[in-house]
Amino acid sequence: MSTPDLIEPEDGNKDDNLGLYRRATQDGAEWWRVSVGDRPETYRLEHGADDHEKGAGTVDIDLVVDEENLRAKLKKWRREGFAIERNAAGETAAPTRIAFMPELQRASARMLAAKLRDAAGHAPHDATTDSVRIGNVDVRCGAAHPLVPRVNPAYLFPARFNDIVTDIVENRRVMLIGHTGAGKTSLIEQVAARSQHGVLRSNMNGQTTVGDFVGFWTVKGGETLWVDGVLPTAMREGLWLIVDEIDFAEPSILAALTAVLEPQGRLVLKEKGNEIVAPHPAFRLFATANAVGAMSQFRHLYQGANLMNEAFLDRWRVYLLDYLLPTEETDVLIRTLAPHMTRPLATTLAAIAADCRAAFAREDLSSAFSTRRLLDWAELMLRTGDPERAAGPAIYAKVSPEDAALIRGIIRHHIAPAA
Ligand SMILES: Nc1ncnc2c1ncn2[C@@H]1O[C@H](COP(=O)(O)OP(=O)(O)OP(=O)(O)O)[C@@H](O)[C@H]1O
Ligand SMILES: [Mg+2]
């Protein structure tokens with residue numbers, strides 16, 4: 001039988017009918033996707049709609065048809081104004097390309113279901129293994145410890161942090177990169193604070209030696225004693241260790257870290273007769289950096305930062321943390337400085353911060369505008385009643401005169417002088 005009914009009969013190859021058939025609608029586009037079915041001589045048809053505003057929609061119809069049925073559908077679609085999508089080279093999308101997303105969605109749903117079944121199968125939590133919900137993730141609580149950070153009630157967990165929190169639960173090594181004051185350290189600390197885990201921090205941009213980090217021998221009262229560094233301490237006690245500014249760490253520290261980057265990785269204390277330190281199940285390792293990976297374009301702002309090699313970076317999940325959105329920062333201002341900070345004030349201040357960051361991104365400003373700086377300025381402004389006076393110690397004195405002049409201009413653009 002010939003194929004006069006097909007939209008794109010071409011040379012009779014059935015694969016020519018595979019692809020995405022789309023027609024424009026008032027709000028966006030409606031589409032049918034044709035791919036090969038699981039059984040021979042069958043086709044899978046999926047239907048969905050993309051919205052100008054909401055973006056790509058999900059599949060709302062998913063069915064399998066035979067060849068004859070497909071032919072009837074193709075005819076109907078042609079009448080309804082659907083046309084097959086071709087790329088610049090005149091080819092329809094490859095079937096594997098078309099099939100990837102629905103296949104992934106099914107695989108991902110199965111994985112989630114398996115996890116839920118696993119969680120339901122666990123023995124009921126006792127008092128020490130209680131969990132707390134952070135965003136949409138259940139985080140198992142640790143035992144009380146003097147190093148548990150204080151909860152910041154004003155801290156905001158946007159939904160985009162869920163993946164990071166899941167990685168913490170799954171004991172992945174998480175590296176957070178981003179500009180100064182974007183919230184890297186506080187994110188980890190606030191997860192720890194809410195889930196009652198003690199946190200140790202070690203800053204690599206200073207005098208941290210491999211002795212501080214791994215441990216050293218010392219003489220006390222005539223006795224020679226070994227003192228654990230922060231890494232074995234955290235591993236033995238089940239603390240969370242944040243290695244801040246890891247892009248400044250010396251090679252011997254990175255070498256010690258590499259050993260424990262695998263979830264069950266053990267540390268060998270060579271200086272202590274090759275003693276092996278196994279990680280406590282609650283031990284977690286984090287790193288923060290300003291200028292590695294996707295942030296390397298800003299290396300000139302963070303002088304002295306080392307490039308990290310790819311093999312080392314590949315052992316981490318690296319998340320780029322951007323500053324909060326203006327609406328989020330408005331909420332943080334109100335919550336942090338309650339009850340004095342009002343919404344109109346906070347909205348303006350967050351807009352000023354956003355404008356300063358845009359100027360920084362255009363390289364008109366050479367200093368980043370952190371949430372920390374914004375909160376500090378706002379607090380001082382409430383005390384002094386004077387934005388300009390408060391900007392002195394909170395902003396202007398920390399940047400170059402050129403930057404100060406530009407920031408002053410941005411502030412004046414948003415805040416008219418008092419009458
Ligand atoms: N999601 C948030 N909710 C509330 N406050 C936040 C949030 N993110 C950041 N902040 C505020 O910004 C301050 C600076 O954040 P933090 O110290 O975590 O930044 P950082 O990225 O670690 O900076 P640095 O690179 O300088 O170490 C925090 O003390 C907190 O007050
Ligand atoms: Mg930090």
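Biologist: Is Asp138 buried, partly exposed or exposed?

Modeller: Start with its relative accessible area. Asp138 has 42%, so Asp138 is partly exposed. Keep in mind that this is a predicted model.

Biologist: Which residue forms a salt bridge with Asp138?

Modeller: Look for a nitrogen and an oxygen of opposite side chains. Asp138 forms a salt bridge with Arg133, and the closest N and O atoms are 3.1 Å apart. Arg133 counts as exposed, at 53% relative accessibility.

Biologist: How many salt bridges does a search of the whole structure find?

Modeller: The search finds 23 salt bridges. One of them joins the side chains of Lys115 and Glu170, at 2.4 Å from N to O.

Biologist: Which parts does the pair of Lys115 and Glu170 tie together?

Modeller: Ask where each partner lies. Lys115 is in helix H2, while Glu170 is in the loop between H3 and S8, so the pair ties together parts that are 55 residues apart in sequence. Lys115 is partly exposed at 36%. Glu170 is partly exposed too, at 30%.

Biologist: What joins Lys272 and Glu275?

Modeller: A salt bridge, with the closest N and O atoms 2.8 Å apart. Salt bridges can also share partners. In this way Arg33, Arg44, Glu46 and Asp62 are joined into one network.

Biologist: How many bridges join strand S2 to strand S3?

Modeller: There are 9 bridges between S2 (residues 28-36) and S3 (residues 42-51), and the two run antiparallel. Trp31 stands opposite Gly48 in S3.

Biologist: Which way do the side chains of strand S8 point?

Modeller: Check them residue by residue. In S8 (residues 174-177), Val174 and Leu176 point one way, Met175 and Ile177 point the other way, and all are buried.

Biologist: Which strands are joined to S8?

Modeller: Strand S15 (residues 284-289) runs parallel to S8, with 4 bridges between them. Ile177 has Ala289 as its bridge partner in S15. Strand S16 (residues 317-320) is also parallel to S8 and joined by 4 bridges. Here Leu176 stands opposite Tyr319.

Biologist: Which residues are buried in helix H3?

Modeller: General idea: an α-helix has 3.6 residues a turn, so residues three or four places apart point the same way. In H3 (residues 162-169), the buried residues are Asn162, Ile164, Val165, Asp167 and Ile168. Just after H3, Asn171 takes a positive phi of about 60°.

Biologist: Where is there a nonpolar patch, and which residues form it?

Modeller: It is on the surface, formed by Phe100, Met101 and Leu104, with about 300 Å² of accessible area together. Phe100 lies in helix H2 (residues 95-121). Its relative accessible area is 52%, so Phe100 is exposed.

Biologist: Now the rings. How many aromatic pairs are there?

Modeller: The count is 9. In one of them, Tyr155 and Phe157 are edge-to-face, 4.9 Å centre to centre with 65° between the planes. Tyr155 is buried, at 12% relative accessibility. Rings also gather: Tyr21, Trp32, Trp77 and Phe82 form one aromatic cluster.

Biologist: What sits over the ring of Tyr323?

Modeller: The charged end of Arg357, 4.1 Å from the ring centre. The charged end of Arg408 sits over the ring of Tyr396, 4.4 Å from its centre.

How values were computed. Residues numbered from 1 in each chain as written. Chains lettered and ligands numbered in written order. Predicted model: local features only at pLDDT ≥ 70, side-chain atom pairs only at ≥ 80, totals over all residues. Heavy atoms only, no water. Phe/Tyr/Trp six-rings, centres within 6.5 Å; stacked < 30°, edge-to-face > 60°. Buried < 20%, exposed > 50% of the residue type's maximum accessible area, 1.4 Å probe, protein only. Lys NZ or Arg CZ within 6 Å of the ring centre and 35° of its normal. Patch = residues over 30% accessible without salt bridge, like charges linked within 9 Å, V, L, I, M, F, W, Y side chains within 5 Å. Areas by Shrake-Rupley, 256 points an atom, 1.4 Å probe, with all protein chains shown as cover. Salt bridge = Lys/Arg side-chain N within 4 Å of Asp/Glu carboxyl O. Pairing = 2+ DSSP bridges.
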